[in-house]
Amino acid sequence: MNGHRATAALLVALALPAAMACGEDGNPEAGRLVYEARLCTLCHIVAGESGPMASLGGSLDGVGQRRDAAWLKVYFTDPKVAIPNATMPAANLTEQELADLVAYLLSLR
């Protein structure tokens, strides 16, 4: 494992307990509203619906099969911890918004 990957793995491992402490009672429908209100639609695609910069963030279809709640929470809190070359900014969500958004994305199977 190279140094960058080892550092990223350590940071994710350290951040997971804090991420797991976020509300686990997410509501997928409320998360869909967070997704829309926070203009995630500008850079992402869901079910063929996309914004003008969709090539930056790409499709979220099936993300619920590729990622788990803990990873998504870390990613939204500090994207570069999960993916060192991430271009997405930190989401700056409340704990409930984070739980709801994660529940929505996990429903995208």
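Reader: In which helix do Arg32 and Glu29 both lie?

Author: This is a predicted model, and in it Arg32 and Glu29 are 3 residues apart, about one turn of a helix. Their side chains form a salt bridge whose closest N and O atoms are 2.4 Å apart. The helix that holds both, residues 28-37, is H2.

Reader: Are Arg32 and Glu29 buried or exposed, or something in between?

Author: Residues count as buried under 20% relative accessible area and as exposed over 50%, with partly exposed in between. Arg32 has a relative accessibility of 26%, while that of Glu29 is 43%. Because each value falls between the two cut-offs, Arg32 is partly exposed, and Glu29, too, counts as partly exposed.

Reader: How many residues apart are Arg38 and Glu97, whose side chains meet in a salt bridge?

Author: The structure holds 3 salt bridges, and in one of them the side chains of Arg38 and Glu97 meet at 3.0 Å, N to O. This pair links distant parts of the chain, with Arg38 in the loop between H2 and E1 and Glu97 in helix H7 (residues 95-106), and the separation is 59 residues.

Reader: What kind of aromatic pair do Tyr35 and Tyr104 form?

Author: A pair of aromatic rings is described by the distance of the centres and the angle of the planes. There are 3 aromatic pairs in the count, and for Tyr35 and Tyr104 the values are 5.6 Å centre to centre and 50 degrees between the planes. The two residues link distant parts of the chain, Tyr35 in helix H2 and Tyr104 in helix H7, 69 residues apart. Since planes under 30 degrees apart count as stacked and those over 60 as edge-to-face, the pair of Tyr35 and Tyr104 is tilted.

Reader: Why is the pair of Trp71 and Tyr75 called stacked?

Author: The rings of Trp71 and Tyr75 have their centres 5.0 Å apart, and both residues lie in helix H5, 4 residues apart, about one turn of the helix.

Reader: How many of the residues of helix H5 are buried?

Author: Helix H5 (residues 69-77) is mostly covered, and its buried residues include Trp71, Tyr75 and Phe76, along with Leu72 and Val74. Trp71, Tyr75 and Phe76 also form one aromatic cluster, and the charged end of Arg67 sits over the ring of Trp71, 3.8 Å from its centre. Of the 9 residues in H5, the number buried is 7.

Reader: Which strands stand at the edges of the sheet?

Author: The sheet is open, with 3 strands in the order E2-E1-E3 and mixed pairing. Strand E1 (residues 44-46) runs antiparallel to E2, joined to it by 2 bridges, with Val46 opposite Glu49 in E2. Each edge strand has a single partner strand, so one side of each is left without a neighbour in the sheet, and these edge strands are E2 (49-50) and E3 (58-59).

Note on methods. Residues are numbered from 1 along each chain as its sequence is written. This is a predicted model: local features need pLDDT of at least 70, side-chain atom pairs count only at pLDDT 80 or more; totals for chains, interfaces and linings use all residues. Side-chain values use heavy atoms; hydrogens and water are left out. Two strands pair if DSSP finds at least two bridges between them. Buried means under 20% relative accessible area, exposed over 50%, partly exposed in between (1.4 Å probe, protein chains only). A salt bridge is a side-chain nitrogen of Lys or Arg within 4 Å of a carboxyl oxygen of Asp or Glu. Rings of Phe, Tyr and Trp (its six-membered ring) pair if their centres lie within 6.5 Å; planes under 30 degrees apart count as stacked, over 60 as edge-to-face and the rest as tilted. A charge sits over a ring if NZ of Lys or CZ of Arg is within 6 Å of the ring centre and within 35 degrees of the ring normal.
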